[in-house]
Amino acid sequence: MGEAFVVFAGSLQVEFALQRDRQNMGRRYVEVFSCKRQDYYNAVAAEVNYEGIYNNDYNGSPPPRQKRISDKDQMEYTEILKLRGLPFSVTKSNIIEFFGEFDLAEERIHIASRPDGKATGEAYVEFASAEEAKRAMSKDKMTIGSRYVELFPSTPNEARRAESRSRQ
């Protein structure tokens, strides 16, 4: 899983690249979408700051990269989980079935979509408690249809932002 930003010389190249949305690059599925220039600048600034390049004490070799949190058990949980890698045709009923032993209501499930209405392959699910969400992580990397689904701890704010983007 990775993210890349590409700056094109002109709008024709942008349109050509956007036609590659939801196709495969080798064996990897790729989503392509346009973003604001500021999003690109923010990503570059975050990566530069992360690498420590702006550290005034920098001499010679860069410091070793600090390991990013990859152990989901160590992350802070709320009652919200983010699902990624969903089939584009997924329904709320499919998600309820996926989390079979957990008591979920359809109104507590938000399937994310782009402003044009196309599914993003992501959803946000609200559980009864943070403990319940953490137990639901046992479903991480299990499948819905032919797609394996990744689960991540999320926050109500992140879920609200995704929902508001879907309504634009």
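Q: How large is the second largest pocket, and what makes it a pocket?
A: In this predicted model, the second largest pocket has a volume of about 170 Å³. On a 1 Å grid over the protein atoms alone, a pocket is an open set of points where a 1.4 Å probe fits, with protein on both sides within 12 Å along at least five of seven lines, whereas a cavity is a set from which the probe cannot get out. The volume is the space filled by probe spheres set on the points, which are joined across faces, edges and corners.

Q: Which residues line the second largest pocket, and what makes a residue count as lining?
A: A lining residue has an atom within 4 Å of a point. Among them are Ile-80, Glu-107, His-110, Tyr-124, Pro-156 and Glu-163. S4, S5 and helix H5 (156–167) each give two or more residues to this lining, and H5 provides the largest share, four residues.

Q: How many helices and strands are there, and what makes a stretch count as one?
A: Helices (H or I, at least four residues) and strands (E, at least two) are DSSP runs, numbered from the N terminus. By that rule the chain has five helices and seven strands, in the order α-β-β-α-β-α-β-β-α-β-β-α. Residues are numbered from 1 along each chain as its sequence is written, and side-chain values use heavy atoms, with hydrogens and water left out.

Q: Why is Asp-21 called buried?
A: Buried means under 20% relative accessible area, exposed over 50% and partly exposed in between (1.4 Å probe, protein chains only). Asp-21 has 14%, so Asp-21 is buried. Its place is the loop between helix H1 (11–18) and strand S1 (23–25).

Q: What makes the pair Asp-21 and Arg-114 a salt bridge?
A: A salt bridge needs a side-chain nitrogen of Lys or Arg within 4 Å of a carboxyl oxygen of Asp or Glu. Here the N to O distance is 2.6 Å, so the pair qualifies. The two residues are 93 apart, with Arg-114 in the loop between strand S4 (109–113) and strand S5 (119–126). At 18% relative accessibility, Arg-114 is buried too.

Q: How do you know where to read the model with care?
A: The guide is pLDDT, the predictor's confidence in each residue, from 0 to 100. As this is a predicted model, local features need pLDDT of at least 70 and side-chain atom pairs count only at pLDDT 80 or more, while totals for chains, interfaces and linings use all residues. The chain averages 81, and 81% of the residues score at least 70. Helix H3 (residues 92–98) has the highest mean, 97, and helix H2 (residues 37–51) the lowest, 69. Over residues 51–70 the pLDDT is below 50. Where pLDDT is low, the predicted coordinates should not be read in detail.

Notes: Contact = heavy atoms within 4.5 Å.
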